[in-house]
Amino acid sequence: MLPTIISQNIYLVLLILTTTEWPITTFIGAGFAAQWYLNFWWVALIAFTGDIIGDIVLYSLGRSSHRITKIKRFQHFSQEKNFFSKVLAKQPFFYFLITKITPYLATPALIFTWVQKMKFKSFMGYSIIVTIIVKTLYLSIGYLGSISVLQVERFFDGWRKIMLYVLIGLLLFVCIKQ
């Protein structure tokens, strides 16, 4: 029952996952698009939209963070002059680029933008520009990586032969090294 629901609503599931996760859903969606299971343009649109929605949610969480006392314990949310605040003040484009490319840094860094009083219009401008750059990179890696794997599989005529060749290569490497 669950696989049927997911397959019938795959683009909605993809939107939810791209909103809540890091780049892996974009890689996987682009890989499925390369294999013709999904429409590439829908995957790209969903990846961009989901990322922007996630950014807005994190910015909004930063707006309400002053009400949450426990969140101020984390160094990312202190308003002292640390690395985040210096880069955000001087180079907001690079701040967004670094945080979007580094998945584990994205969540605290995007929340931190409101804590540092960045205006919503500026936030959205930088977020959209950097999302286009980064998601294009992730979609390209996923799409081209999937095509490459398919071509390698066809070249070696299946995964069993690939594993056999890898095993033989490793054995030869070990024997030659000794």
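Which residues in α3 meet F40, V43 and A47 in α4? They are T26, G29, A30 and A33, where contact means heavy atoms within 4.5 Å. This is a predicted model, in which local features need pLDDT of at least 70, side-chain atom pairs count only at pLDDT 80 or more, and totals for chains, interfaces and linings use all residues. Residues are numbered from 1 along each chain as its sequence is written, and side-chain values use heavy atoms, without hydrogens and water.

**The α3–α4 pair**
- Helix α3 covers residues 24-34 and helix α4 residues 40-63; helices here are DSSP runs (H or I, at least four residues), numbered from the N terminus.
- Their axes lie 9 Å apart at an angle of about 170°, so α3 and α4 are roughly antiparallel (over 145 degrees).
- By class, the contact of α3 with α4 has 5 nonpolar, 2 polar and no charged residues.

**The second largest pocket**
- About 180 Å³ of space lies in this pocket, the volume being the space filled by probe spheres set on the grid points.
- A pocket is an open set of points on a 1 Å grid where a 1.4 Å probe fits, with protein on both sides within 12 Å along at least five of seven lines.
- Its lining (an atom within 4 Å of a point) has 11 residues, with I10, L14, I28, F32 and L38 nearest the centre.
- Helices α2 (10-20) and α3 each give two or more residues to that lining.

**S127**
- S127 sits in helix α8 (residues 120-156).
- At 0% relative accessibility, S127 counts as buried (under 20% relative accessible area, 1.4 Å probe, protein chains only).
- Leaving out residues up to four places away in sequence, S127 touches I52, D55, F96 and K100.

How values were computed: Axes fitted to C-alpha atoms, helices over the stretch in contact; angles between N-to-C directions. Parallel < 35°, antiparallel > 145°, perpendicular 65-115°, else oblique. Nonpolar A, V, L, I, M, F, W, Y, C, P; charged D, E, K, R; others polar. Buried < 20%, exposed > 50% of the residue type's maximum accessible area, 1.4 Å probe, protein only.
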